[in-house]
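Subject: Structure handover

Hi there,

Here is the structure I promised to pass on to you. Please have a look at it first, and then read my notes below.

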Amino acid sequence: MNKLGRKKFFTVTSKGIFFTLLGITLPIKFLYSKNIQKNKINIAVNPDAVKRMNKV
Amino acid sequence: MNDSSKTNNVLWKSIEGLNNDPNIQKMKEDEFLDGVTEDFHPNQLSGISRRKFLALLSASAAITATACTDYQDKGEIIPYNKRPQEVLPGTENLYASTCNGCSLSCGILVKTREGRPIKIDGNPDHPINEGKICTKGQASILNLYDPERLKEPLFNNRKISWNDVDKNIIEVLESAVQKGKEIAILTGELTSPTTKKVFDKFSEKYPTTKIYSYSTINQSTRSKAWFECYGSYEFPSIKFDEANVILAIDSDFLVNEDSYLENMRLFTKRREVVGKTDFNRLYVAEGRMSATGMMADYRIRVSPDEQYNFVMSLVNELSKKGSNIEFDPVTKSMVSSFSINNFSKKIGKEKLNYLIDDLNKSRGKSIVYAGSTLSKEVHLAVNLLNEVLGNSNLYNYLNESVVILPQSSREDFDRLIDSMKNGNVDVLIHFGSDPVFYLPYDFEYQSSISRVKTVISLSESLNESCSLSHYVLPLNNQLECWGDSFVQTGVYGLQQPVISPIFNTRQKESILLTWISGSSSNFSSDNYHKFLIENFTQTVYTKLNSFSDAKRVWLSSLHDGVVTLKNVEKLHKKISQSWIPLLKLAKENSGLTVHLTESYFIGDGYFANNGWLQEVPHPITKVTWDNYAALSPLTAKKFNLKNDDIIEVSVSNSKIKIPVFVQPGLSDKTINIEYGYGRKVIGDVGKDIGINPLQLISKNHFETKNILTNASINKIDGTHKLVTTQEHHSLDDTFVKDFHKIRKIIQEGTVEKYQKDPKFLHEHKHELFSITNEHTYSGNKWAMAIDLNKCTSCAACVASCNVENNIPVVGKDQVGKGREMHWIRIDRYFSGSPEDPIASNQPMLCQHCDNAPCENVCPVNATNHSPDGLNQMVYNRCVGTRYCSNNCPYKVRRYNFFDFRDHFADEYYQNNLTALVNNPEVTVRSRGVMEKCTFCVQRIMDVRSTAINEGREISPNEVVTACQQACPTNAITFGDANNPDSNVAKLRNHNLTYHVLEELNIKPNVTYIAKLRNTHSEDNS
């Protein structure tokens, strides 16, 4: 049976964690950006309001 | 007795401080928390091998890299090349409008940036408030951006469309009329004549409608007393600027009652030290300690239930020396039954003699003014006293109060609730009001609601009444509304929306107009706007006799925000004396008296969810985030009570449990509790903050609901931590006892001493010299002057600074640790005895010292000095050593221990909506940086860039800081000290100027004008 050395073990483990987390976080990032768009607040000036011309 | 050296004898901030409580001593000594300054031993740390460390480091870095998201991604940036015509990015727009925060309806100017309102200030064209608004008005902008505002209409807690709401409610209203069932509308105090017209139209369309009006804060007793005396419910305003002597009877007329903005301005006109000193003299007779009481030259402790006897005794005493009116024999005999000797022992003969003497000498030039919380009898007595003294020429009949809809009586509410219980009320509409919270408990309003077929609440945010309603309809914020106001004759205010409704909300009048039209399809967002213009044209335009057409006049009125109507001054009528014999000597109250007063910053509870207002320290006690029962030191001692103890206050059948605060200066029989707290149904910020004392009021107290006699208290187990800021940021040093006398943080004098020797303040001044060459500021040199004669500790400057500079809300726990982030604070010192203290207020902010001790100690040069005299703060250089704060003798530097927007109340204010309130000109600071007052550098830069563009110099008084703009009494002056024409340069050379901790030779650029007390010469010797 092939014994996996400590060095290789560590390399494989960290690569595995890296790609797993990438696979989880990328979709979350995509969904989060979409959420920001949903939570946008729309503001608008009332067209009938009269602005002050002279500064105080 | 009130000489400057004697008032400066012992300065103390609290009862504990005066008694050298060891806890207070410890707090002053320990600047740092336990454990922070202990030594650090590397040998005691756990071991890890280098290989393991590197492996863990690389794994962590890999995981972190994968976890990184674009958390700063706020979405797409869209270029503003298709912008609305009115909006120019980077420049502000101003709109005139009217504030609806309370019934004063002050004129406001709303500053908007890129279409969103960011600051509210007073409208200088408005003749009542003249460019100033109160603390509540300043901070009210946060209500527009409250994330827990109602956004959609609800039916039984489920979302419903407006179309369905209108359809269903119109059906219900028509059915109620057909069946002859009552439609009840409950509103607060009405200030808009156009809203009244909407009510009239509604009553025409649905004839079974009845309108009820109720508010905890109102002038109904004053109005009723005026009617009994003079036959009119509309009473005049007072010319406080013409009064030589003012006697305030339990009236906080300067800071929290009636038309206080106008009163503050008029009162402080007679507190000028520039030019001739023509000071008025203020006597305050009160049971509680109010901010007006703190301004008094003489303060007299009289419990509110004794005020009637006190005033009638003065009537008796002064009428013996002469009277402007004739008494008939019955009246004369009745008046003579009141004796001033009953008060001599309690008050002190000397003070009483001064008062009587001054009132007698100032006949026709004095005013006695009663508080709105007092009973009708006290107001009648005060009117009589003013007549005896001939003070009617101080009544300003050009500006009388206006009653649009009188308050409903107790009988009205009894009838309503009986009808509700009997099922005769089919529709109940809460028109922006919260009767479940405000109405006395024994009306049983809350339980009667279940008998009403359809209950509708119109509200901006959830409240107690909404929780019991079938329909909850969201309302526009005041900044999204059209409206008008008519609170004083001759002044018609206009309100316009400065932003279109952010959510799916409507204006309450607009909702009623849709129901009046009879069909949901008749709604338009413009319907009330058109109705308002129509009413304006019919009522106001016709009075103006203008040559311009109605539309032009309408638009120019909107531009100005106010229309001044020509008024004919009424003649003062002779006082009716028919009511006098009906009044008898009031029985002495054996128990304690509970005096309920409006909260300074929460109002009647409307602002309970406003974090800025919850965090502004109370002007007298400096308590934040709570209310309490204020007791005198003697009463507290009698019941073995100290701060934070919980007591049960009982009045008749009702009880509340509330923490105690020992307040110097209270009358021994008075318990003062502020209402507006104890809200249960509100956003997360205001929920369960404080105790609701309105539960003590029964319908028997309907007329005098603020004064509850025969109260009792008993101590119960447990404590409730009250958080105050008054021991934080202490300047006085207890290690060397006499230093607080020598240091002269507060310097005061008397008017008499100043008139004899204007230079008395600088008699013992030490010459200061420097061992280094002094830097010369050749261009602008910014400086500030604060006149302590005018500061009323109203804290409008604190609120204005918070809004202008994006100050975060930190919450009660953090305030308890001294971490509140206010860049300006108002220090309050007491001198004299705890029973009869003399209060001194001092706004404290960064002094922008020329030899700033904070600049030298910063290891990264994050704080340095600008060529125009500003102590600057560079946030992105700051690494948070806090050495600068350590070295600051004024303790004005504020450190961001957390990113408070994340830290406070689970990121309550960290959302897209509340982010809109931020001023784009001021950096929003994150965790780990120091901040402090910048003298509104953004305003200085704005003025400078305008001046450069226009090719001119900056005018002497052109730069106005936020605190200066907000201060209702103009106590704060800012400008260029190098320009001799500027107001600040003139004030810096005044005889009464001094600097705090001047002997440190750090050359602060904030100059204080010493307070003068207008006391008698016998007291001054």
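Let me start with one side chain. Setting aside neighbours within four places in sequence, B:L173 is in contact (heavy atoms within 4.5 Å) with B:I183, B:F202, B:Y206, B:V427 and B:W515. B:L173 lies in helix α7 (residues 162-179) of chain B, where helices (H or I, at least four residues) and strands (E, at least two) are DSSP runs numbered from the N terminus. B:L173 has 0% relative accessibility and counts as buried; buried means under 20% relative accessible area, exposed over 50% and partly exposed in between, with a 1.4 Å probe and protein chains only. Its C-alpha atom is 47 Å from that of B:L583, a residue 410 places away along the chain.

Before going further, some conventions. This is a predicted model, in which local features need pLDDT of at least 70 and side-chain atom pairs count only at pLDDT 80 or more, while totals for chains, interfaces and linings use all residues. Residues are numbered from 1 along each chain as its sequence is written, chains are lettered from A and ligands numbered from 1 in the order in which they are written, and side-chain values use heavy atoms, leaving out hydrogens and water.

Now the salt bridges, each a side-chain nitrogen of Lys or Arg within 4 Å of a carboxyl oxygen of Asp or Glu. The count over all chains is 52.

- B:D258 pairs with B:R222, with the closest N and O atoms 3.1 Å apart. The two are 36 residues apart, B:D258 in the loop between β9 (245-249) and α10 (260-268) of chain B and B:R222 in helix α9 (residues 220-230) of chain B. B:D258 is buried at 11% relative accessible area, and B:R222 is buried at 8%.
- B:E286 forms a salt bridge with B:R299, at 2.8 Å between the closest N and O atoms. B:E286 sits in strand β10 (residues 281-286) of chain B and B:R299 in strand β11 (residues 298-301) of chain B, 13 residues apart. Both B:E286 and B:R299 are buried.
- B:D626 and B:K812 meet at 2.6 Å, N to O. This pair spans 186 residues, from the loop between β21 (623-624) and β22 (629-631) of chain B to helix α28 (residues 812-816) of chain B. B:D626 is buried at 5%, whereas B:K812 is partly exposed at 22%.

A network of salt bridges also links B:R113, B:E114, B:R116 and B:E921.

Helix α10(B) is mostly covered, with 9 of its 9 residues buried. Among the elements that cover its buried residues are β9, β10 and α11 (291-295) of chain B.

Which way do α21(B) and α22(B) lie to each other? The axes of helix α21 (residues 527-544) and helix α22 (residues 550-560) of chain B come within 10 Å and cross at roughly 100°, so the helices are roughly perpendicular; that label covers 65 to 115 degrees, with under 35 roughly parallel, over 145 roughly antiparallel and the rest oblique. The axes are lines fitted to C-alpha atoms over the stretch in contact, and angles run from 0 to 180 degrees between N-to-C directions. Residues making the contact include B:F536 and B:Y541 of α21(B) and B:W554 of α22(B).

Finally, the domains, whose bounds come from an automatic or database domain assignment. In chain B, the centres of domain 1 and domain 4 are 30 Å apart, taken over C-alpha atoms, and 28 residues of domain 1 are in contact with 27 residues of domain 4.

Best wishes
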